[in-house]
Amino acid sequence: MSDHKTMTLTLIVWRQKNANDPGKFETYAAKNITEHHSFLEMLDCVNEDLILAGKEPIVFDHDCREGICGMCSQVINGAPHGGQERTTVCQLHMRKFKDGDTIYIEPWRARAFPIIKDLIVDRSALDKIQQAGGYTSCHTGGIADGNAILIPKPIADEAMDAAECIQCGACVAGCPNGAAMLFTGAKVSQLALLPQGKVEAKQRVRSMTQAMADCGFGNCTNHYECQASCPKGINVKFIARMNREFLKAQFG
């Protein structure tokens, strides 16, 4: 028999059949949960109980469960990914909570992210921004050629900081305007900083910002909630860099 102390929590979860259903909160008990369970494992336990009871399990996104892929996407107690610094939902553990707690769980909420079912939303709008220009089509040579192009370490480090974005959409969910400026800024910056990305920089920033507007995302009004919500610590300075790249593309 396990020596782990268990806890029982009350979950208030958003349930919605599809995009046209009005949806509503429903209450569930999460029983026999230890501090070593991850948040998603806790939901797995709740779903097992629901299935055994002949009820429909809670639908939620997940994949790698290692904080890498960006699939998990839940607003927990009002904060995207649960509000723990640099932590995705899959890396959030139940030691953050205590016995008897009530936890509210909702999907990402933004005009550009329609709800598919329960806690799953359609984040393909971010794919459309990426497809609009988040790549380089110039010839970059082989591996040896890449090592022959010297890049100052501060520039390489900044590009890697931008490349940490995992496209989870927490920045959009956290922003009161539903803006994707942090996501787009990171994707524009990671390429604009490097020599391989400079060739198409002007067309890239024009195309990606246009796609962002076409997809229905809002604009930035300096709330900084995107940075606070990002599980990878993407800095708002990349929004400023994107704005500079955009102005250079208009007048350069």
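Begin by selecting glutamine 167, which lies in the loop between helix H4 (153-163) and H5. Helices (H or I, at least four residues) and strands (E, at least two) are DSSP runs, numbered from the N terminus. Glutamine 167 has a positive phi of about 60 degrees, although it is not a glycine. With a relative accessible area of 22%, glutamine 167 is partly exposed; here buried means under 20% relative accessible area, exposed over 50%, and partly exposed in between (1.4 Å probe, protein chains only).

A note on the model is needed before the next stop. This is a predicted model, in which local features need pLDDT of at least 70 and side-chain atom pairs count only at pLDDT 80 or more, while totals for chains, interfaces and linings use all residues. Residues are numbered from 1 along each chain as its sequence is written, and side-chain values use heavy atoms, with hydrogens and water left out.

Select arginine 86, in the loop between S4 and S5. Its phi is near 50 degrees, a positive value in a residue other than glycine.

**Third selection: the cavities**

Rolling a probe the size of a water molecule over the atoms shows where empty space is left. On a 1 Å grid over the protein atoms alone, a cavity is a set of points where a 1.4 Å probe fits but cannot get out, and lining residues have an atom within 4 Å of a point. Grid points are joined across faces, edges and corners, and a volume is the space filled by probe spheres set on the points. How many cavities of 30 Å³ or more does a search of the whole structure find? The search finds two.

The largest cavity has a volume of about 90 Å³. Of the 13 residues that line it, select Cys165, Cys168, Cys171, Cys230 and Ile234, which are the closest to its centre. Helix H5 (170-174) and helix H6 (181-192) each supply at least two residues of this lining, and H6 gives the most, with three residues. By class, the lining of the largest cavity has eleven nonpolar, two polar and no charged residues. In this classification Ala, Val, Leu, Ile, Met, Phe, Trp, Tyr, Cys and Pro count as nonpolar, Asp, Glu, Lys and Arg as charged, and the others, Gly among them, as polar.

The lining of the second largest cavity divides into seven nonpolar, three polar and two charged residues.

**Fourth selection: the cysteines**

A disulfide is a covalent bond between the sulfur atoms of two cysteines. The rule applied here asks for a pair of cysteine sulfur atoms within 2.5 Å, and by this rule the count comes to zero disulfides. Cysteine 64 is in no disulfide; the nearest cysteine sulfur, that of cysteine 69, is 3.6 Å away. Cysteine 64 counts as partly exposed, at 27% relative accessibility. Cysteine 45 is partly exposed, with a relative accessible area of 21%.

**Fifth selection: the aromatic rings**

Rings of Phe, Tyr and Trp (its six-membered ring) pair if their centres lie within 6.5 Å; planes under 30 degrees apart count as stacked, over 60 as edge-to-face and the rest as tilted. The structure holds four aromatic pairs. Select tryptophan 14 and phenylalanine 25: their ring centres are 5.0 Å apart and their planes stand at 80 degrees, so the pair is edge-to-face. Tryptophan 14 lies in strand S1 and phenylalanine 25 in strand S2, so the pair ties together parts that are eleven residues apart in sequence. Is tryptophan 14 buried or exposed? At 11% relative accessibility, tryptophan 14 counts as buried, whereas phenylalanine 25 is partly exposed, at 36%.

Now select phenylalanine 39 and phenylalanine 97, whose ring centres are 5.9 Å apart and whose planes are at 45 degrees, so the pair is tilted. Both phenylalanine 39 and phenylalanine 97 are buried.

Definitions and conventions. On a 1 Å grid over the protein atoms alone, a cavity is a set of points where a 1.4 Å probe fits but cannot get out, and a pocket is an open set with protein on both sides within 12 Å along at least five of seven lines; lining residues have an atom within 4 Å of a point.
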